[in-house]
Amino acid sequence: RGTVTAFSPFDARADAEALRKAMKGMGTDEETVLKILTSRNNAQRQEIASAFKTLFGRDLVDDLKSELTGKFETLMVSLMRPAYIFDAHALKHAIKGAGTNEKVLTEILASRTPAEVRNIKQVYLQEYEANLEDKITGETSGNFQRLLVVLLQANRDPDGRVDEGLVEQDAQVLFRAGELKWGTDEEKFITILGTRSVSHLRRVFDKYMTISGFQIEETIDRETSGDLEKLLLAVVKCIRSVPAYFAETLYYSMKGAGTDDDTLIRVMVSRSEIDLLDIRKELRKNFAKSLHQMIQKDTSGDYRKALLLLCGGDDD
């Protein structure tokens, strides 16, 4: 359900030559660069980079960095990173230096599948010779840290038969841990939301609504706060629908004054081959806006052109 698929007929050498020509000498032909990189999938971009090095003895990413600037450069360089390296890189930057970017940790760890999380951890170790979990625990604390650690274990129950008895029990436990308790037993929320299967949790949310008269999101909103609240809500939203979660993320990255370009780039690049078509549909449905029109209105120049090509069409 991605907007970017394998380009055919594909010729890595011809693309490498066109890119070299676009960046050689005075001035850069940005149009050629963005057209090629947004219309090839990631595997093909890796082949182009390899052909580029073979033909010219130059590193394509280094050339992009030296020839392009600003948000357009960030977007093009991001498109050149293989998916797991892209996530590992985003996480590394989120925990690097002064202050941690909790938003990035939340977005990536709440939305990726257990298999994807295992891959990210492996790549992080290969690329940065460091343990992702150690790095994250060193920069976070409290219940926010605990839920991140649970998600990093990537041991969510596989989707299978749903045990109605356990659904009822989990819903009751959450009700008693939140609405019925003076103070909140966050640990129960962390364990249940971090380890049960997706189909099981969807049933738990329905049952919770029946028992308490509240959506689970309302309870989390009232009973928790800060980074933990944001992470719990992101987990719940991703259990309900990953595309709807990203539609909301994109909507708020462009809504109001100023654009959160880091988030816009991260979501557009990371979902372009997975579910961007579904995300567009959800955005249209839930916010009565088209992603294409939002990008059109909120960005400019080559950066806008490239984002619109990744978006892949308008939903009127």
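These are legends for a handful of close-up views of one predicted model.

A word on the ground rules: because the model is predicted, local features need pLDDT of at least 70 and side-chain atom pairs count only at pLDDT 80 or more, while totals for chains, interfaces and linings use all residues. Residues are numbered from 1 along each chain as its sequence is written, and side-chain values use heavy atoms, with hydrogens and water left out.

**View 1. Helix 10 packs against helix 15.** Here we look at helix 10 (residues 142-153) and helix 15 (residues 226-240); helices are DSSP runs of H or I with at least four residues, numbered from the N terminus. Their axes sit 8 Å apart, at an angle of about 30°; axes are lines fitted to C-alpha atoms over the stretch in contact, and angles run from 0 to 180 degrees between N-to-C directions. The two helices are therefore roughly parallel to each other (angles under 35 degrees count as roughly parallel, over 145 as roughly antiparallel). Their crossing is left-handed, meaning that the near helix is turned anticlockwise from the far one by less than a right angle. On the helix 10 side, N143, F144, L147, L148 and L151 meet D227, L228, L231, L232 and V235 of helix 15 (contact means heavy atoms within 4.5 Å). Sorted by class, the residues of this contact are eight nonpolar, one polar and one charged (Ala, Val, Leu, Ile, Met, Phe, Trp, Tyr, Cys and Pro count as nonpolar, Asp, Glu, Lys and Arg as charged, and the others, Gly among them, as polar).

**View 2. Helix 7 packs against helix 16.** Helix 7 (residues 102-111) and helix 16 (residues 242-254) have axes 11 Å apart and an angle of about 160°. That angle is why they count as roughly antiparallel to each other. The crossing of helix 7 and helix 16 is left-handed. T106, E107 and S111 in helix 7 meet V242, Y245, F246 and T249 in helix 16. By class, that gives three nonpolar, three polar and one charged residues.

**View 3. R40 is a buried residue in a loop.** Look for R40 between helix 2 (30-39) and helix 3 (42-56). Its relative accessible area is 8%, so R40 is buried (under 20% is buried, over 50% exposed, partly exposed in between, with a 1.4 Å probe and protein chains only). Neighbours within four places in sequence aside, R40 is in contact with residues including V4, F7 and I48.

**View 4. Here are a cis bond and two positive phi values.** Most residues other than glycine have a negative phi, and most peptide bonds are trans. The peptide bond from S8 to P9 is cis, with omega near 0°, and P9 lies in the segment before helix 1 (12-23). E129, in the loop between helix 8 (114-128) and helix 9 (132-139), is not a glycine but has a positive phi of about 45°. A288 is not a glycine either, and has a positive phi of about 50°; find A288 in the loop between helix 18 (276-287) and helix 19 (291-298). E129 is exposed at 72% relative accessibility, and A288 is exposed at 60%.

Conventions: Angles under 35 degrees count as roughly parallel, over 145 as roughly antiparallel, 65 to 115 as roughly perpendicular and the rest as oblique.
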